[in-house]
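This note is written for a colleague who is meeting the structure for the first time. The points below are numbered so that each can be checked in turn against the coordinates.

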Amino acid sequence: MIIVYLPVEVLCNIGLCLDISDLVSLGATCRAFRALCADRTLNRHILQKTALNALETRRAMEDTPDGEMDYQQVVRRIYRRRAALKRGIPRIAVSLGSAEMFVYNQGVVCFLHDHTIHVLDALKTGESKSFHITRVLDGFQFVEDADALTLIHYSEDILSIKYQDPINNDEWLLVVQVFVNSHKTPMRKTAIQLVSSRKLFVRNDADFVYYGTHSYIGSHGHQEWVLQGIALNPQKPFPPEAQTTLPYADQKMESLKVHLTDFVGSEVGSTAVFKVHEGHFYALTNCDDFDVVEVDWTSFYYCISFPVDDPRKERMRRGEMLRRQHREGPIDDGWIDLSLQACERTNDLLIVESRKEWLHGASQSSRSFYITNVVLGEEGASESSAHRGRLPENDPFNIYATSNAKFAKSQDRAFWQVHPEALNVVAAKGLDEKPVRPYILAHTKHRLYNVAASAYIDLVEDTETVFENGVSKQRSYLRLRSGSRSIAPIPSEHKTPMLEPSRYVKNKQPLSPRPIGAQPTFPRPEDKFVPELPSPYRYTKIKLWPESDSSSAPAAAAHHVLSPHIGIHHEPGPCGSVGVQAMADERMIVLLMRAAASDRYGKLVCLSFDSDAGIKHLNMLHKPREPLESRPRKRRRSSATVHESECTLSGSESTVVDDPEDPKLLRAKSKAKKSAIAVLDDEYQDMTLGEYDCIDFPESEECDALINNWDEFVRRSKLTYI
């Protein structure tokens with residue numbers, strides 16, 4: 001039976017098992033499935049199951065009255081954003097001008113230029129507002145000093161600024177409410193004098209602000225982190241037991257100092273990470289000891305969490321998660337990236353760490369991305385490690401171990417928890433293509449991994465040769481280097497039948513079905529990760545954007561945006577001299593490029609993977625694609641020769657062919673791609689010419705079958721040609 005003729009109720013129940021990408025791909029196959037995938041109830045259930053905590057879903061639920069939410073539109077927006085991340089090609093690129101410094105979070109960019117702070121809501125509305133720094137320096141002396149102000153953090157409409165008084169040499173933390181998307185004047189909420197600003201960081205939600213410095217000297221003689229909480233809402237003060245006892249402070253609005261004892265990590269982003277999530281403060285480190293432990297076996301993640309409204313020691317929860325075994329091989333510390341990401345499906349925090357390792361003593365290092373669930377203990381649990389002092393049985397190195405040695409049995413990692421970059425490199429070799437060359441650490445300016453899209457993006461520096469007055473020069477520009485993976489279909493030779501052939505008796509009657517829970521012959525993402533087994537994922541080849549050839553209009557526009565020398569009057573420096581500061585999340589990459597690292601001003605650029613972002617009207621890459629109805633239709637041509645001018649998509653496989661040896665196959669290939677574009681036209685209104693390859697076309701065997709029965713395919717689907 002053809003699946004399209006099944007009852008709608010059965011098809012809807014099958015559709016409930018799909019992911020967002022599978023749902024969109026299914027709707028692109030034919031008109032019947034397109035109507036099925038537009039069902040409001042089906043889209044609502046899939047959103048609740050797979051992306052309930054995505055920003056698109058939460059904002060649509062907040063902005064839309066009950067019963068009027070367009071679930072299909074939200075599904076498409078999430079799909080387009082994830083697809084752009086997988087390809088590593090932004091949908092929007094905007095140059096915001098020059099700036100001295102910036103901070104980015106939650107789709108809002110705050111940057112400083114000529115003593116004026118600009119606040120841009122790049123994600124939601126695209127509106128901006130500006131105010132002079134004297135508005136927030138009320139009571140402080142204004143001095144035109146480039147180092148007096150430093151933007152620290154933005155979150156939940158709160159901007160944190162460090163101000164250094166050049167006369168008294170005092171340091172202050174200014175907490176400002178900027179009123180994004182409002183005509184209200186920015187207002188300073190509070191000002192805190194800092195005892196120390198060593199490695200200062202700030203995290204906050206709408207009601208509480210926590211700032212920390214790496215300045216507390218522990219009993220072991222090493223520096224540790226110390227935190228201080230500030231309540232912004234007078235209606236929500238700290239409980240009396242958690243309030244500060246300092247006489248000169250506002251006791252109800254300031255908390256006790258929180259000392260993160262035995263918290264070893266000191267570099268934010270590589271060995272330590274801090275985050276406020278769902279009313280709790282999280283501190284995570286991947287370091288074990290302040291001193292070197294010569295004989296050790298196991299490494300752990302250590303996490304500390306407490307409610308933001310009650311930071312007492314009794315409310316703290318601690319977690320100890322297995323990180324790796326030292327026998328897995330040495331690590332290149334320069335390539336370590338550590339972050340906490342919220343799962344879009346469950347809203348649980350995930351530890352994402354990127355490591356470059358010489359696995360099992362290999363002669364060449366390789367990078368892998370590891371994902372671990374955050375597991376915390378009970379409140380008020382002991383601060384001592386449960387694995388410190390344990391030793392493996394019958395190990396010859398036990399006689400050299402100290403009390404600081406740690407050991408735990410290995411825990412199985414699932415396939416979804418490990419993303420080896422080497423498999424993306426192998427994917428290019430399998431296509432008989434030359435793999436993208438690796439970049440050294442000095443030319444890799446920023447690194448990002450997104451769990452929802454299973455994709456990583458590196459911001460790298462490259463060079464191009466330009467001719468000025470007949471003289472060739474090397475000029476630096478930035479590119480995005482990306483790789484991704486997606487769940488692969490089960491190969492036909494690995495599909496497990498419901499009934500084992502060996503379980504049939506002589507009369508050809510089955511005895512019993514396959515036992516529930518039996519291990520399939522092809523691994524699943526939740527199965528144990530074994531490098532020797534075939535992966536349940538399909539890995540894409542590593543790509544670079546923009547292309548090195550800037551002859552096409554989109555590539556030339558991308559080069560114009562990502563070149564630090566265009567728009568900033570500065571002579572190009574040698575390769576490696578470009579100074580880059582970047583911040584990113586699952587939707588945007590915001591970077592400040594300086595032609596030389598010593599420059600005061602740089603070029604501020606915003607790259608968005610969300611095609612519906614508020615700054616889409618400022619897009620410098622290309623114009624939006626016009627609707628299908630306004631485009632002229634092209635008739636079928638009976639000529640056997642297909643010329644490049646007949647193809648409306650740049651980069652198509654159909655090129656100039658004068659030998660009509662197999663014209664039917666050639667026409668069918670071209671029409672198959674054009675027809676697929678016609679089906680997905682509503683899905684990709686903002687797709688530009690040359691971007692058609694983001695659509696997942698059928699595999700080679702399926703495509704051949706489609707081509708061989710082309711007339712039947714056209715008759716059933718009733719597709720229109722472009």
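Predicted model: local features only at pLDDT ≥ 70, side-chain atom pairs only at ≥ 80, totals over all residues.

1. Leaving aside residues up to four places away in sequence, threonine 465 touches Ser472, Lys473 and Gln474. Its C-alpha atom is 9.0 Å from that of serine 476, a residue 11 positions away along the chain.

2. The overall composition may be stated next. The protein chain has 722 residues, of which 47% count as buried. It contains 11 helices and 29 strands. Among contacts with a separation of 6 or more, 59% are between residues 24 or more positions apart.

3. In soluble globular proteins, nonpolar side chains tend to be buried together. Here the largest nonpolar core has 24 residues, and those with the most contacts inside it are Leu480, Trp545, Ile589, Leu591, Val605, Leu607 and Phe609. Two or more residues of this core come from each of H6, strand S23 (455–468), strand S24 (471–487), helix H8 (553–562), strand S28 (588–594) and strand S29 (602–608). H8 gives the largest share, 4 residues.

4. Two packed helices are described by the angle between their axes and the distance between the axes. The axes of helix H5 (residues 55–63) and helix H6 (residues 71–87) come within 9 Å and cross at roughly 155°. H5 is therefore roughly antiparallel to H6, because the angle is over 145 degrees. The crossing of H5 with H6 is right-handed. On the H5 side the contact is made by Glu56, Thr57 and Ala60, and on the H6 side by Val74, Arg77, Ile78 and Arg81. By class, these are 3 nonpolar, 1 polar and 3 charged residues.

5. Which residues of H5 are buried? They are Leu55, Glu56, Thr57 and Ala60. The buried residues of H5 pack against both helix H4 (40–50) and H6.

6. H4 also packs on H6. The axes of H4 and H6 come within 8 Å, with a crossing angle of roughly 50°, and the two helices are therefore oblique to each other. H4 passes H6 in a left-handed crossing. Arg40, Asn43, Arg44, Leu47 and Thr50 of H4 meet Tyr71, Gln72, Val74, Val75, Ile78 and Arg82 of H6. The contact of H4 with H6 has 5 nonpolar, 3 polar and 3 charged residues.

7. Residues Ile20, Ser21, Leu23 and Val24 in H2 meet Val75, Ile78, Tyr79 and Arg82 in H6. The classes in this contact of H2 with H6 are 6 nonpolar, 1 polar and 1 charged.

8. Methionine 187 lies in strand S9 (residues 187–193). Is methionine 187 buried, exposed or partly exposed? Its relative accessibility is 38%, so methionine 187 counts as partly exposed. Not counting residues up to four places away in sequence, methionine 187 touches Val175, Val176, Gln177 and Phe179. The C-alpha atoms of methionine 187 and isoleucine 158 are separated by 9.8 Å, and the two residues are 29 positions apart along the chain.

9. The peptide bond from tryptophan 545 to proline 546 is cis, with omega near 0°. Proline 546 is in the loop between strand S26 (543–545) and H8, while Trp545 is among the residues with the most contacts inside the largest nonpolar core.

10. Glutamine 106, although not a glycine, has a positive phi of about 55°. Glutamine 106 is in the loop between strand S2 (101–105) and strand S3 (108–113) and is partly exposed, with a relative accessible area of 31%. Lysine 199, also a residue other than glycine, has a positive phi near 50°. Lysine 199 lies in the loop between S9 and strand S10 (201–204), and its relative accessible area of 30% makes it partly exposed.

Definitions and conventions:
Residues numbered from 1 in each chain as written. Heavy atoms only, no water. Axes fitted to C-alpha atoms, helices over the stretch in contact; angles between N-to-C directions. Parallel < 35°, antiparallel > 145°, perpendicular 65-115°, else oblique. Left-handed = near helix turned anticlockwise from the far one by under 90°. Contact = heavy atoms within 4.5 Å. Nonpolar A, V, L, I, M, F, W, Y, C, P; charged D, E, K, R; others polar. Core = buried A, V, L, I, M, F, W, Y, C linked by side-chain atoms within 4.5 Å. Buried < 20%, exposed > 50% of the residue type's maximum accessible area, 1.4 Å probe, protein only.
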